[in-house]
Amino acid sequence: MFTQAESSLKTVRDVLRFAVSRFNQAQLSFGHGSDNAHDEAAYLILHTLNLPLDTLEPYLDAVLLHDERVELLEKLYRRVIERVPAAYLTNQAWQGDYDFYVDERVIVPRSFIYELLGEPLTPWIEYPELVHRALDLCTGSGCLAIQLADHYPAAEIDAVDLSLDALEVAAINVEEYGLENRINLIHTDLFEGLEGTYDLIISNPPYVDAQSVADLPDEYLHEPELALGSGEDGLDATRQILLHAAKYLNPHGVLLVEIGHNRETLEAAYPELPFMWLNTSGGDGFVFLLTREQLLGQIK
């Protein structure tokens, strides 16, 4: 069908219709930037043709050059047949107004933590200038570390990851945003070897439980396994963070961690901890906050 399309499709509208039909027919999984076939098809077309990502209508009846058609169909083929997430096909992922370079060395950015930086944390961090040092554990592409630097302009930021491949991608993004002097990329396992203390620690660690990893759609299997699964219940990394975070927080310091769908399991494992669950666009069960004092009162 893709071979036939190369000679039959002429306009942007033709390719859009073809893409939506193939995406729906293949029952693709959407969770890396778009949530439906039409939006994902439009994004891939606009990006590939170097058109504004928010302007489709004026170009729908534009006739495609042969090379443009070939390039588009190649991307659509990989999306349908190989189930490659769109972000890897374009090497671009968005979080709000921020865009980042991504490839298969890192998971596609989709953490809710970015929604909580800055003003939403004012009950615990009254002024941005009070954050002098911040830590991003499991930084991946560096997307959250870069947003930390933007929201807290007085902060020096350590961005940690166990994967050297991920840190290579993070370095691309840090350089793109001109933050080499403020963000330190560190190759280590969580807190291992870190020195000093921080006013704010954030983490979007691996948190998918073993059964869910086994059931993931094919699209997610293109992402690094190291960045997805974390033990049988998905909480191995989170346990280590809870165990050691207080040592690395300043007085009144704040810990912010995303745990996916594991709220019930986490609360059952730590009934004595007063987790504060913050509201995000996905709900109030995905990101928790604890202060240093709360951790010290509970974690021995």
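Strand β7 (residues 249–258) runs antiparallel to strand β9 (residues 287–291), and the two pair over five bridges. Strands here are DSSP runs of E with at least two residues, helices are runs of H or I with at least four, and both are numbered from the N terminus; two strands count as paired if DSSP finds at least two bridges between them. Across this pairing, L256 sits opposite L289 in β9. The model is a predicted one, so to speak of local features takes a pLDDT of at least 70 and side-chain atom pairs count only at pLDDT 80 or more, while totals for chains, interfaces and linings use all residues. Residues are numbered from 1 along each chain as its sequence is written, and side-chain values use heavy atoms, with hydrogens and water left out.

With a relative accessibility of 19%, N250 counts as buried, the cut-offs being under 20% relative accessible area for buried, over 50% for exposed and partly exposed in between (1.4 Å probe, protein chains only). Setting aside neighbours within four places in sequence, N250 is in contact (heavy atoms within 4.5 Å) with T197, Y198, D199 and R292. Over in β9 there is V287, which is buried at a relative accessible area of 0%. Its contacts, again leaving out neighbours within four places in sequence, include L256, V257 and E258, along with F112, I113, L116 and W277.

β3 pairs in the parallel sense with strand β4 (residues 156–161) over five bridges, and L135 faces D158 in β4. Parallel pairing also links β3 to strand β6 (residues 198–203), here over four bridges, with A134 opposite L200 in β6. Between β3 and β4 runs helix α6 (residues 143–151), and the three make a right-handed β-α-β unit. Right-handed means that, with the strands pointing away from the viewer, the path from the first strand over the helix to the second runs clockwise.

Next, the packing. A nonpolar core is taken as a set of buried Ala, Val, Leu, Ile, Met, Phe, Trp, Tyr and Cys residues joined through side-chain atoms within 4.5 Å. The largest such core has 38 residues, and L16, F23 and L76 have the most contacts inside it. Two or more residues each come from α1 (2–8), α2 (12–26), α3 (37–48), α4 (66–81), α5 (86–90) and α7 (164–176), with α2 giving the largest share at eight residues. Beyond four places in sequence, F23 touches L28, F30, A37, E40, A41, L44, L76, R79 and V80. A second, separate core of 31 residues includes A145, A155, L200 and L256.

As for open space, the largest pocket holds about 1,200 Å³. A pocket is an open set of points on a 1 Å grid over the protein atoms alone, where a 1.4 Å probe fits, with protein on both sides within 12 Å along at least five of seven lines; lining residues have an atom within 4 Å of a point. Grid points are joined across faces, edges and corners, and the volume is the space filled by probe spheres set on the points. The lining counts 44 residues, and G31, H32, G33, R110 and Y220 lie nearest the pocket centre. At least two lining residues come from each of α3, α5 and β1 (93–95), and α3 gives the most, with five.

N91, in the loop between α5 and β1, has a positive phi of about 55° although it is not a glycine, and is partly exposed at 32% relative accessibility. C138, in the loop between β3 and α6, is another non-glycine residue with a positive phi, near 60°; its relative accessible area of 23% makes it partly exposed.
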